[in-house]
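The stops below are meant to be selected one after another.

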Amino acid sequence: PGVMRARQRVRTAAGEGETTSGGYSPTLARSIALARVPAAAVPGAPAEVEVRGRWLRAALVRPPFVRHGKALIPID
């Protein structure tokens with residue numbers, strides 16, 4: 001759908017934040033990003049990221065995204 005980049009808006013149940021960096025992960029076959037979100041935001045909770053004027057669904061997880069070749073994020 002869209003590649004994550006710096007300074008994109010992020011919406012969570014705990015409030016808004018923004019991405020600090022992002023790009024495409026060939027290992028995960030999807031876009032990933034680091035973001036500053038409110039401290040009350042819960043890992044695993046749904047979120048949305050604004051990409052080119054559209055709000056796309058995302059998931060909040062703690063880095064790393066991959067460890068020992070295993071994805072640590074939900075892949076649907």
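The tour goes from the sheet to one of its hairpins and then to single residues.

This is a predicted model, in which local features need pLDDT of at least 70 and side-chain atom pairs count only at pLDDT 80 or more, while totals for chains, interfaces and linings use all residues. Residues are numbered from 1 along each chain as its sequence is written, and side-chain values use heavy atoms, with hydrogens and water left out.

Begin by colouring the strands, which are DSSP runs (E, at least two residues) numbered from the N terminus. You will find an open sheet of 5 strands in the order E3-E2-E1-E4-E5, with antiparallel pairing, where two strands pair if DSSP finds at least two bridges between them. Its edge strands are E3 (30-36) and E5, each of which pairs on one side only. On average, neighbouring strands of this sheet are turned by 40° against each other, direction ignored; the axes behind that angle are lines fitted to C-alpha atoms, and angles run from 0 to 180 degrees between N-to-C directions.

Next, select residues 46-51 and 54-59, that is, strands E4 and E5, which pair in the antiparallel sense over 6 bridges. Within this pair, Pro 46 stands opposite Ala 59, and Glu 50 has Trp 55 as its bridge partner. The hairpin of E4 and E5 has 2 residues between the strands, and Arg 52 takes a positive phi near 50° there.

Stay on E4 and show its side chains: Ala 47, Val 49 and Val 51 form a covered face, whereas Pro 46, Glu 48 and Glu 50 form an uncovered one. E4 also pairs with E1 in the antiparallel sense, over 2 bridges, and here Arg 11 stands opposite Glu 48.

Now move to Gln 8, in the segment before strand E1 (9-12). Is Gln 8 buried or exposed? Gln 8 counts as buried because its relative accessibility is 10%, where buried means under 20% relative accessible area, exposed over 50% and partly exposed in between (1.4 Å probe, protein chains only). Leaving aside neighbours within four places in sequence, its contacts (heavy atoms within 4.5 Å) are Val 3, Gly 17, Glu 18, Thr 19, Val 49, Glu 50 and Val 51.

Finish at Ala 45, in the loop between E3 and E4. Not counting residues up to four places away in sequence, Ala 45 touches Ala 58, Ala 59 and Leu 60.

How values were computed:
Helices (H or I, at least four residues) and strands (E, at least two) are DSSP runs, numbered from the N terminus.
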